Amino acid sequence: MKKKLFDAIDSLAPSLADLFKTIAQRTSDGVGISRDAYGEVETAAGDILIRFAHDVGLDAGYDRVGNVNVAAKGRLAEPATILIGSHIDSVPRGGNYDGLAGVVAGIGALAALQKCGDGAAHGVHTLGFRGEESPWFGTAYLGSKLLTGQMSRAEAENLRRFDTKKTLAEHLRQLGVNLDDLGRPAIPLDKVRAYFELHIEQAPLLEDLGKPIGIATAVRGNIRYPFAKCFGRYAHSGAVPRHLRADALMATAKLIAYCDEIWHREIKAGHDDLVFTCGVFQTNSTEHSMTKVPGEISFTFNVGGINDEVMERFHREAMAKADALAKEHHVRFEFGTRVGTGAVGLDPGIAAALDGTAREAGIEAHRMPTVGHDAAMFVKRGTPAGIVLIRNANGSHNPAEHMEMDDFTVGLKVLTATVSDMTASRR
Ligand SMILES: [Zn+2]
């Protein structure tokens with residue numbers, strides 16, 4: 001069966017490569033790729049995917065909440081037992097593969113399973129979610145939230161797209177979605193045994209390891225302060241001695257350096273999934289000067305990981321240090337509103353199955369944590385989920401996103417064979 005399946009995937013690969021090219025051409029903004037959430041260009045990508053699915057003998061259309069939905073011939077109306085999904089939108093001026101790779105993989109998997117016959121594709125649905133990327137409406141996972149009933153009509157009426165100034169509800173209405181249905185799952189989720197997602201890696205770790213694919217163990221959560229500030233007192237740089245200063249920059253710099261120490265210590269203790277970033281660190285440009293002691297710093301605090309307890313411990317230590325530094329430097333930290341999400345565990349059984357399939361095919365996959373994907377919305381509703389990551393040397397959310405078709409094919413084979421094993425256990 002596997003040989004037949006892998007041959008089917010190899011024979012499909014050139015047309016899948018063309019599909020990526022066709023969508024890139026149609027959704028290019030001149031510099032990168034801009035597939036706008038619940039907008040015209042995203043719909044154009046969805047239409048191309050649906051047309052391709054028809055061409056390879058599958059059934060396809062848009063579901064009740066506007067996502068692309070693909071199934072084996074004559075099976076579109078049947079409830080799904082296995083879902084393969086990812087998103088069709090991109091960030092503004094992004095790349096071609098973040099999201100799209102997973103939808104193309106799902107269609108490729110269905111086409112290959114159907115070609116092998118024996119009902120292997122029955123019950124498998126591929127979903128192309130709209131609106132996963134947060135820049136458009138200020139929040140992520142819209143398509144998968146709508147499908148799984150995790151967004152009410154009131155919420156859809158409150159979210160506004162940054163460029164069109166229209167609400168999500170207005171965008172949905174334009175696509176013919178009935179808003180009365182929102183807040184309830186659009187499919188019977190209790191029938192779904194597993195959710196699979198293939199996604200390009202968003203960092204160059206696999207590239208660094210020389211491995212084509214990764215298998216995700218968990219989705220990182222985070223604790224964030226997007227608008228933290230430190231207030232000191234502006235003073236003359238030449239005149240004021242150290243002990244009389246309230247230097248906001250010195251205190252904040254020490255805090256960030258201390259966070260790096262905590263981080264390093266946690267990594268040495270085995271928590272190598274932990275990440276810490278201070279992405280914004282600035283003096284107030286209307287008041288700062290070379291000859292003034294800085295009186296104000298704006299900064300961001302962003303710790304992520306797969307273990308909520310470790311993140312909380314990091315946070316506690318950082319806050320205690322901030323208190324101590326405030327006293328030492330006569331400054332005041334105002335962290336503002338804490339935001340973030342908890343870590344999401346992926347299914348160990350599915351990860352082991354993906355790993356087993358990879359090993360059987362002679363492929364060495366790397367187990368690793370990942371960042372937020374639509375899969376998290378299914379885990380939240382109790383559906384076991386697994387994620388296959390594809391090597392990408394250039395990071396994501398930029399026009400240079402890179403994916404070798406050979407790596408994609410490897411990932412597609414592992415994904416499809418694992419799905420096939422699952423449907424075989426049911427057949
Ligand atoms: Zn993505």
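Which residue of β17 is the bridge partner of Gly214? Select Gly214 and Leu389: Leu389 is that partner.

This is a predicted model, in which local features need pLDDT of at least 70, side-chain atom pairs count only at pLDDT 80 or more, and totals for chains, interfaces and linings use all residues. Residues are numbered from 1 along each chain as its sequence is written.

**Stop 1: strand β6**

Select residues 213-219, strand β6. Strands here are DSSP E runs of at least two residues and helices are H or I runs of at least four, numbered from the N terminus. In β6, 6 of the 7 residues are buried (20 or more other C-beta atoms within 10 Å of their own, C-beta atoms being placed from the backbone), so the strand is largely enclosed by the rest of the structure.

Strands pair if DSSP finds at least two bridges between them.

- β17, residues 385-390: antiparallel to β6, 3 bridges.
- β16, residues 366-370: parallel to β6, 4 bridges. Pick Ile215 and its bridge partner Arg367.
- β15, residues 344-345: antiparallel, 2 bridges. Pick Val219 and its bridge partner Val344.

**Stop 2: helices α8 and α9**

Select residues 248-268 (α8) and 308-329 (α9). Their axes, lines fitted to C-alpha atoms over the stretch in contact, come within 9 Å and cross at roughly 150°. Angles run from 0 to 180 degrees between N-to-C directions. The two helices are therefore roughly antiparallel (over 145 degrees).

Show the contact residues (C-beta atoms, placed from the backbone, within 7 Å). Among them are Met250, Leu255 and Ile262 of α8, and Phe314, Ala318 and Leu325 of α9.

Note on methods:
A residue is buried if 20 or more other C-beta atoms lie within 10 Å of its own, exposed if 12 or fewer, and partly exposed in between; C-beta atoms are placed from the backbone. Angles under 35 degrees count as roughly parallel, over 145 as roughly antiparallel, 65 to 115 as roughly perpendicular and the rest as oblique. Two residues are in contact if their C-beta atoms, placed from the backbone, lie within 7 Å.
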